[in-house]
Amino acid sequence: MQEIQVNTEAKRYSLKIGSGLFSDDNAYSMLKNRKAVIVTDSNVAPLYGEGLLARLENLGIDAGIYVIPAGESSKCHNELIKIYNYLAAENITRNDFIVALGGGVTGDLAGFAASTYLRGINLLQIPTSLLAMVDSSIGGKVAVNLPAGKNLVGSFYQPEEVIIDPVLLGTLPDRHFADGMAEVVKYGCIRDSELFLMLENLENREEVMKNIEDIIFRCCTVKKDIVEQDEKEKSLRMILNFGHTFGHAIEKCFSYETYTHGEAVSMGTVFISELSYKLGCCKKDAADRIRALLGKFSLPVDFPKLNAGEVFDAVIKDKKARTDIVNLVLIEDIGKVRTEPFSRERIGGLIHEMLGN
Ligand SMILES: NC(=O)c1ccc[n+]([C@@H]2O[C@H](COP(=O)([O-])OP(=O)(O)OC[C@H]3O[C@@H](n4cnc5c(N)ncnc54)[C@H](O)[C@@H]3O)[C@@H](O)[C@H]2O)c1
């Protein structure tokens with residue numbers, strides 16, 4: 001097992017990474033003498049949720065399970081209220097735990113419930129998708145969506161611990177495994193050129209899985225370093241949004257239905273890399289390598305037919321953009337990025353040029 005200590009102003013906690021951790025009773029020692037409510041989704045519940053419930057009950061832990069329908073549409077106030085009501089019915093106190101068992105949707109929703117119920121109860125994150133293992137379960141961002149946009153209501157709320165067991169990826173569908181790879185490639189782009197090189201030498205999911213603990217460890221290390229320096233995303237943490245500004249815009253233009261988060265991030269990453277080259281920020285080779293790497297892991301790299309005006313509106317409305325300027329994370333070389341402010345006019349012009357309409 002590998003362990004990473006995350007030291008934020010709000011909390012110090014461990015990320016534990018190891019194959020077999022999920023099935024190890026010792027992993028749950030922090031739940032002793034507490035109540036635990038497992039929040040999971042309808043796909044993960046039969047695979048792992050019910051087994052975890054039985055394990056906790058065997059350990060003498062007073063546990064319950066709350067299952068949300070799988071999918072992004074569950075990251076909403078309706079489901080949130082149902083979770084609050086379940087917690088109230090179970091007489092959950094501040095000393096008790098929510099165990100978020102699932103992908104990023106479950107982690108964000110259950111995490112937001114934990115951050116707000118009784119002004120904050122304990123949270124244990126057990127991510128089950130690759131995206132959640134390398135990204136969403138770490139760093140404390142939790143949120144729900146509004147019809148007006150994704151993640152518009154949320155908070156920063158660090159968990160007590162994150163238990164990452166790559167064995168759980170065995171049942172993850174290929175499409176969602178690829179989603180996670182979009183974030184893995186992101187870490188290579190922004191900070192870890194060795195990771196990028198390592199990924200270039202792996203041909204497919206099977207080969208990635210042979211190195212998965214190391215890959216997750218490297219991604220979590222990058223995220224930990226950034227979160228420790230800028231927990232509340234005032235400056236440095238913005239680099240974690242590399243590829244995401246245009247990714248979010250693409251998701252929005254297709255009403256969050258056609259592309260998954262990771263697929264949109266992949267196209268957004270290609271977009272910003274090619275824009276970085278166009279602006280003279282990086283060499284063509286860097287943008288080409290990024291496109292090739294994402295494509296190799298079955299992620300979309302060619303933009304669909306997009307209306308430049310619609311993309312511009314989505315970029316401007318993205319919650320990360322201030323009204324007068326948009327901060328873009330540009331790539332200088334593999335492993336090195338910088339944040340640069342652009343005026344609305346400039347960004348509008350560049351989107352029109354890039355999309356050719
Ligand atoms: N909080 C953050 O910092 C952060 C960062 C990145 C993304 N996100 C959020 O994460 C969400 C996307 O996360 P995601 O891609 O994990 O989506 P998800 O939670 O919807 O999981 C993807 C699919 O995989 C299934 N699944 C998960 N683990 C499985 C397993 N081990 N076996 C079989 N099926 C499994 C789920 O049921 C779901 O159908 C978005 O809402 C995004 O906004 C948050």
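This is a predicted model: local features need pLDDT of at least 70, side-chain atom pairs count only at pLDDT 80 or more; totals for chains, interfaces and linings use all residues.

1. In which loop is R119 found? R119 is found in the loop between α3 and β6 (122-127). R119 has a positive phi of about 60°, although R119 is not a glycine. Most residues other than glycine have a negative phi. R119 counts as exposed because 7 C-beta neighbours lie inside 10 Å, and the cut-off for that class is 12 or fewer.

2. N151 lies in strand β8. With 17 other C-beta atoms within 10 Å, N151 is partly exposed.

3. The strand that holds N151 is part of a hairpin: β7 and β8 have two residues between them. Strand β7 (residues 141-146) and β8 run antiparallel and are joined by five bridges. Within this pair, V144 stands opposite V153 in β8.

4. A further hairpin is formed by β10 and β11, with two residues between the strands. Strand β10 (residues 325-333) and strand β11 (residues 336-343) pair in the antiparallel sense, over eight bridges. L328 stands opposite E340 in β11. In this hairpin G335 takes a positive phi near 95°.

5. Leaving out residues up to four places away in sequence, D192 touches Y187, R218, V222 and G335. The place of D192 is in the loop between α5 and α6 (193-200). Is D192 buried or exposed? D192 counts as buried, because 20 C-beta neighbours lie inside 10 Å and the class begins at 20 or more. The C-alpha atoms of D192 and L118 are separated by 40 Å, with the two residues 74 apart along the chain.

6. R55 counts as partly exposed, with 17 C-beta neighbours inside 10 Å.

7. The division of the chain comes next. The domain assignment gives domain 1 (2-171) and domain 2 (175-355), and the C-alpha centres of the two domains lie 26 Å apart. How many residues of domain 1 are in contact with domain 2? There are 27 residues of domain 1 in contact with 25 residues of domain 2. On the side of domain 1 that touches domain 2, the elements giving two or more residues are β1 (2-7), β2 (12-17), α4 and β8. Of these, α4 gives the most, with five residues. By class, this side of domain 1 has 15 nonpolar, eight polar and four charged residues.

8. 31 residues surround the ligand, and the closest are N43, G103, G104, S129 and S136. Two or more residues of the shell come from each of α1 (44-58), α3 (104-116), α4 (130-136), β8 (149-156) and α5 (174-190). The shell has nine nonpolar, 14 polar and eight charged residues. Why does the ligand lie between the domains? Domain 1 (2-171) and domain 2 (175-355) both give residues to the shell, so the ligand lies between them.

9. In soluble globular proteins, nonpolar side chains tend to be buried together. The largest nonpolar core in this model has 108 residues. Those with the most contacts inside this core are V37, I38, V39, I98, V99, L101 and C189. The largest share of the core, eight residues, comes from α5. Both domain 1 (2-171) and domain 2 (175-355) give residues to this core, so the core lies between them.

10. Leaving aside neighbours within four places in sequence, V37 is in contact with G64, Y66, Y86, L87, E90, I92, I98 and V99. Two of these partners, I98 and V99, are themselves among the residues with the most contacts inside the core.

Conventions: Residues are numbered from 1 along each chain as its sequence is written. A residue is near a molecule or strand if its C-beta atom, placed from the backbone, lies within 6 Å of it. Helices (H or I, at least four residues) and strands (E, at least two) are DSSP runs, numbered from the N terminus. Ala, Val, Leu, Ile, Met, Phe, Trp, Tyr, Cys and Pro count as nonpolar, Asp, Glu, Lys and Arg as charged, and the others, Gly among them, as polar. Domain bounds come from an automatic or database domain assignment. A nonpolar core is a set of buried Ala, Val, Leu, Ile, Met, Phe, Trp, Tyr and Cys residues joined through C-beta atoms within 7 Å. Two residues are in contact if their C-beta atoms, placed from the backbone, lie within 7 Å. Two strands pair if DSSP finds at least two bridges between them.
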